[in-house]
Amino acid sequence: MTGLEAAVLEAVVVDVDGTLVDSERDGHRVAFNRAFAEAGLEDRWDVQTYGRLLRTAGGERRLAIWFEETGRSPTEARELSRALHRRKTELMRELVDAGRVGARPGVGALLDLVTAAGVPVHVATTGTRAWVEPLLERVFGPRFQTVVTGTEVRRLKPDPAVYEEVLRRTGVPPDRAVAVEDSGNGVRAAVAAGLPCVAVTNDYTRDDDLGGAALVTDTFADPRLRSWFAARLPPAAGAG
Ligand code: XBP
Ligand code: MG
């Protein structure tokens, strides 16, 4: 057994987009496209194009790269991306309020296992607080202790800043926590902050480089995932 396996978990830190919720294809992508249309732009992101653009974390940066790629000047790209992202955030909030973004199948059962063991669950996301908070409340209720979003950190994943901020606020040493992520950027961010990381991939992230992950699966229903956690949760609950 490595030290990691022997350690009893004191915190689980979960990503939002692609991990807790299926939010990218039918959530963010739709909101971006509505923002383009409202602004009178002809830009549209189809499912495949959006998958390529997802390599860039952060909606505003993703827009800026797109506008540069499509021939706008750096100044125009910066101004357009700022304005469009502000509106996209409002549109995403509307999709959340309409119940259009739901939990990934099986994630609730994993959160229940962790919570029943008395281990707090925290959130580390690149997403913007204005839609993240209502989403978490609507889909999961008040079950997360510390929520750090892209609004509070200067550098986005794969930079470790958002994970480091969760560790700083909770005081939990990184080797007593585990991250749950879906993407290469997310795994790199968690590992760079010193957290072991399990990856539960989806259609957009299946082919990402997830070499840093302690366990990789494509579904929360995978019994190996439950066993992985049960082996590291505090003994009484882990045995149950
Ligand atoms: C999520 C992101 C975010 C969302 C869009 O990455 O990169 O940019 O795609 O949300 P992760 P915003 O799951 O690794 O945290 O438009 O609010 O940025
Ligand atoms: Mg993610």
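Trainee: Where does P158 lie?
Mentor: P158 is in the loop between β3 (144-148) and α8 (161-170). Helices (H or I, at least four residues) and strands (E, at least two) are DSSP runs, numbered from the N terminus.

Trainee: Which peptide bond is cis?
Mentor: The one from K157 to P158, with omega near 15°. Most peptide bonds are trans.

Trainee: What should I know about the model itself?
Mentor: It is predicted, so local features need pLDDT of at least 70 and side-chain atom pairs pLDDT 80 or more, while totals for chains, interfaces and linings use all residues. Residues count from 1 along each chain as written, chains are lettered from A and ligands numbered from 1 in written order, and side-chain values use heavy atoms, without hydrogens or water.

Trainee: New topic! How many residues surround ligand 1?
Mentor: There are 17 around ligand 1, each with a heavy atom within 4 Å. E24, G59, H85, K88 and T128 are the closest.

Trainee: Which helices supply at least two residues of that shell?
Mentor: Three helices do: α2 (24-38), α4 (59-69) and α5 (74-97).

Trainee: And what polar atom of T128 lies 2.6 Å from an oxygen atom of ligand 1?
Mentor: One in the T128 side chain. That pair is a polar contact (N or O atoms within 3.5 Å).

Trainee: How far is R62 from the ligand?
Mentor: An N or O atom in the R62 side chain is 2.8 Å from an oxygen atom of ligand 1.

Trainee: Does D17 use backbone or side chain?
Mentor: Backbone: an N or O atom there lies 3.1 Å from an oxygen atom of ligand 1.

Trainee: What takes up the space of the largest pocket?
Mentor: Ligand 1 does, as more than half of its atoms lie within 2 Å of the grid points. A pocket is an open set of 1 Å grid points where a 1.4 Å probe fits, with protein on both sides within 12 Å along at least five of seven lines; lining residues have an atom within 4 Å of a point.

Trainee: Which residues lie nearest its centre?
Mentor: Of the 42 residues lining the largest pocket, L54, A57, G58, R62 and T126 are nearest the centre. Two or more lining residues come from each of α2, α3 (47-53), α4, α5 and α9 (184-192).

Trainee: Which element gives the most?
Mentor: That is α4, with five residues in the lining of the largest pocket.

Trainee: How about the second largest pocket, what lines it?
Mentor: Its lining has 16 residues, and D22, R25, N202, D203 and Y204 lie nearest the centre. Here α2 gives the most, with three residues.

Notes: Polar contact = N/O pair within 3.5 Å; in protein donor to acceptor, adjacent residues only side chain to side chain.
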